[in-house]
Amino acid sequence: MKKRLRKKYRVGEFRELCFKFSFEYKGDVESAECEQMIRTFDAECLEPNGLVCSGLFQNIGCNITVRAVAPTLTNEAQRAAVKAWVEARPEIELKSFGELEDAWYGDL
């Protein structure tokens with residue numbers, strides 16, 4: 001496949017990786033404490049590792065997808081850093097933490 005098509009379809013060297021995790025916040029996700037936890041997560045974990053996230057925060061559970069700012073550069077070290085940070089937080093009950101997967105076409 002030509003380079004132009006690999007880029008268009010995000011395959012080969014243009015494949016974009018991400019990882020997903022879900023957790024339950026021990027408290028109200030509408031609270032100031034939860035908002036502060038999210039800011040801390042961004043400042044202490046995401047930004048230093050060159051990551052961004054998107055997700056859904058609800059009282060019934062939170063689902064987050066994380067990828068590198070340059071999506072073709074997401075790696076296992078970044079995933080491990082996020083997992084360690086999340087596991088160290090007492091206000092978070094981790095439900096699942098996925099492996100690296102293709103952001104466009106599902107599991108690798």
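**Exercise 1.** In this predicted model, find which residues form one aromatic cluster, and work out how the rings of Phe 23 and Phe 57 are arranged.

*Solution.* Start with the members: Phe 19, Phe 21, Phe 23, Phe 41, Phe 57, Trp 85 and Phe 97 make up one aromatic cluster. Next, look at the pairs, of which a search of the whole structure finds six. One of them, Phe 21 with Phe 23, is stacked, at 5.9 Å centre to centre and 25° between the planes. For Phe 23 and Phe 57, the ring centres are 5.9 Å apart and the planes stand at 70°; planes over 60 degrees apart count as edge-to-face, so this pair is edge-to-face. Now place the two on the chain: Phe 23 belongs to strand β1 and Phe 57 to strand β2, so the pair ties together parts 34 residues apart in sequence. Finally, check accessibility: Phe 23 is buried at 3%, whereas Phe 57, at 30%, counts as partly exposed.

**Exercise 2.** Determine where the buried residues of α3 (76-87) lie around the helix.

*Solution.* First list them: Gln 78, Arg 79, Val 82, Trp 85 and Val 86. Then look down the axis of α3: these buried residues fall within an arc of 130°, so they line one face. On the other side, Ala 77 and Glu 87 are exposed. Last, ask what the buried residues meet: they pack against β1, α2, β2, β3 and β4.

Definitions and conventions
Residues numbered from 1 in each chain as written. Predicted model: local features only at pLDDT ≥ 70, side-chain atom pairs only at ≥ 80, totals over all residues. Heavy atoms only, no water. Helix = DSSP H or I, 4+ residues; strand = E, 2+ residues; numbered from the N terminus. Buried < 20%, exposed > 50% of the residue type's maximum accessible area, 1.4 Å probe, protein only. Arc of directions from axis to C-beta. Contact = heavy atoms within 4.5 Å. Phe/Tyr/Trp six-rings, centres within 6.5 Å; stacked < 30°, edge-to-face > 60°.
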